[in-house]
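Please look over the sequence and the three-dimensional structure shown below before reading on. The report after it is written for someone meeting this structure for the first time.

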Amino acid sequence: MLTLKIEEIRAISNGEHGDLFSVLGLHTVNIEGKEKLVIRSFRPDAKSIIVIPDSGKEVELSRISDEGLFEHVFSRRKNRFSYKLKVTPYVGDTYTIEDAYRFATQLSDFDLQLWGEGNHHHAYKFMGSHTKTVDGVEGTHFVVAAPSASRVSVIGSFNNWDGRVHGMRKYHDQGIWETFIPHVTENDLYKYEIKSHATEAPLKKSDPYGRLMELRPGTATKVWNSSYEWEDEEWMENRQQIQDHNEPISVYEVHPGSWKRKVGDDPGFLNYREMGDDLVPYAKEMGFTHIELMPIAEHPYDPSWGYQITGYFAPTSRFGNPDDFRYFVDKCHQAGLGIIVDWVPAHFTKDENGLRRFDGTALYEHEDPRQGEHSDWGTNIFNYGRSEVMNFLISNAIYWLEEFHIDGLRVDAVASMLYLDYSREEGEWIPNQYGGRENLEAIHFLQRFNEVTHEYYPGILNFAEESTSWQGVSQPTSSGGLGFDFKWNMGWMNDTLTYIKKDPIFRKYHQDQLSFSLIYAFSEQFILPLSHDEVVHMKQSLLSKMPGDDWQKFANLRLLYTYMFGHPGKKLLFMGDEFAQWNEWTESQSIDWHLLQWDTHKGVQRLVKDLNNIYKKEPAFHKVDSRWEGFEWIDMSDAENSLLSFIRRSDDPDDFLVFILNFTPNTHDQYKFGVPKAGEYEVIFNSDSDYYGGTNKGPIAVHAQEGNWHNQPAHINIAVPPLAGVVLKPKS
């Protein structure tokens, strides 16, 4: 006698049953007014199945469908019991397994409550896949959010990728599905098969919370556990002081797939551990304080540079596993280097295995393309008003900081998040509830992101790549700001590069492009970026942007770096720029290390190294970066000679440096300008030094005389070298 209706048998056999836990495994049924125990199993590979109870006799199940549904009604057993299944397959040897449908839920009420509120900051600790032992049985617990799904299953090599075998139980109030599958262990591949009323065919999705992905072009998730033992206690204990806003921050931006490659290998990537042993010592030797990695979360397409993500919780497997990445971070910290990771909460790729229409509906994105799609990038936009998205993104930020000891996150494309009409024409966007163009949900998300990450990890640094005049990006959320530590100064970058590309003959007409940035330099906490975006897509490398012959190009570049380090704001330089690469950057090959055989390129590398070291050594370079007290113009009006002079001060006003910058190839044998006090000055830096590839012109011994000039009580007459910057320091 069958205990299931034929419709249920068909639904199980066809993979359409949405609640397999209600029918498979051990259950009580009522037969002719009497309660009896029934056990059911669905194994499409099984020729026969025998139940092995923890006590009592073995029982063979009866086949009740051709597709592989078996059951047995116990005539005498009244109490539930533990058991195993001995399966004889059509092909292969007999095997014994635990039945996934005999295990109770592994979710806690606390996790479910926080998840439902949208306040779960550590959702990755229960979402996704986690190996554990339940009732003495080893296996893996799987949890995924898919509120609109009618059926969710875990598929993998352990069930022949058959979505009918391991269905999950649903928590309807939270939209979560979960199951514990015995015998699934580390490195097993899996996906979620999701059946939805919105789609005809089941969807096959990577785990949004997966911690390791299959190497592209594969898209499955791997069960993963970390066994790494950290050795960066000293760094972590002192990080808050090291990364204080008044301390020097000079960032080396790196694309890990093209910083350096192995000759003769294809693609020849360095793995994370090799980067730890090669990149880290190089960045340390060059004097940088931080390495910033372009996005390393899993992504399918190399030329996206990591900005179109499918695995937000998985360091890309191109370069190794998550513990290999931990090794890289550990090496950074042991060397005294901070590590910043480029983070992309603004949009995600449309690849079918990813977040897009995850449960058949717009779960992570907006349904309306006027809100949910970036036509520029061919990506989807997160719906920051959904609790699933808040849990996902906030937890993801915490995950990188907690699990990988990351010291800060650079948030990509913040402007695209803040404005509903970003890169849209009239009629292509939907105003907010007040009729404005501000994305109120995104603003709230960014504020919560900064509040939560700083609450858990004081001393971390969050950077906003924000290209508009939005007010308060780096101001506290308590005063209405977004709460970032620093904002990329895109205005300074654009004005400076526009100016420096001009022939020096015409620069006198554009002096304001250099001085204008000081009008707003202290309105935010800024970092000055010369990033990857400035050396791709036909923009030319920094060296190639420079006007004039080769000598002038190198001199202009050395001058640009001198101006950058003297200007208020933290510093960021993209890989290859430190030795004056000629070619635009491409992700498909290594940067041009062979150029270092030439003295001109070696000279620029020495200059960047020395600027980094002076920047760190001299408090006036960095201590008062965000207030007027740290900067004073001497003369910004000598446009005829394209000369700028200014003072940088430490928190001790008597500790100051004098900068003079000549943006023409003309040498000034005697140039008079004011200084704060009379006496002897030493030249602590000259970008025209022959050590850097210059002409070695400029002052050697400098004496300032009493006498007002440029509203200063003393003045200096010095030789100013061509296309060069000179830094003077009063002798004690």
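## Basis of the description

This is a predicted model, in which local features need pLDDT of at least 70 and side-chain atom pairs count only at pLDDT 80 or more, while totals for chains, interfaces and linings use all residues. Residues are numbered from 1 along each chain as its sequence is written, and side-chain values use heavy atoms, with hydrogens and water left out.

Helices (H or I, at least four residues) and strands (E, at least two) are DSSP runs, numbered from the N terminus. Two strands are said to pair if DSSP finds at least two bridges between them.

Strands β10 (residues 137–145) and β13 (residues 176–182) run antiparallel and are joined by seven bridges, with T140 standing opposite I181 in β13.

## Strand β3 and its partners

Strand β3 (residues 46–53) is joined to strand β7 (residues 83–89) by seven bridges, and the two run antiparallel. Within this pair, A46 stands opposite P89 in β7.

Strand β3 also pairs in the antiparallel sense with strand β4 (residues 59–60), over two bridges, and the bridge partner of I50 in β4 is E60. Together β3 and β4 form a hairpin with five residues between them, and G56 in the turn has a positive phi of about 100 degrees.

## Buried and exposed places

For single residues, buried means under 20% relative accessible area, exposed means over 50%, and partly exposed lies in between (1.4 Å probe, protein chains only). Strand β20 (residues 311–315) is mostly covered, since five of its five residues are buried. This strand runs antiparallel to strand β19 (residues 297–298), to which two bridges join it, and G311 in β20 is the bridge partner of E298.

H166, in the loop between β11 (149–156) and β12, is buried, with a relative accessible area of 8%. Its side chain is joined to that of N159 by a polar contact of 3.0 Å; such a contact is a pair of N or O atoms within 3.5 Å, where within protein one must be able to donate a hydrogen and the other to accept it, and residues adjacent in sequence count only if both atoms are side-chain atoms. L514, in helix α11, counts as buried at 1% relative accessibility.

F506 lies in the loop between α10 (490–500) and α11 (512–515) and is partly exposed, with a relative accessible area of 46%.

Most residues other than glycine have a negative phi, and most peptide bonds are trans. The peptide bond from R216 to P217 is cis, with omega near 10 degrees, and P217 is placed in the loop between β15 (203–205) and β16 (221–222). A cis peptide bond also leads from D266 to P267, with omega near 5 degrees, and P267 is found in the loop between β17 (250–254) and α4 (272–285).

S423, which is not a glycine, has a positive phi near 55 degrees; this residue is found in the loop between α8 (414–418) and α9 (440–456) and counts as partly exposed at 39% relative accessibility. L723 has a positive phi of about 45 degrees although it is not a glycine. The place of L723 is the loop between β35 (712–720) and β36 (724–730), where L723 counts as buried at 1% relative accessibility.
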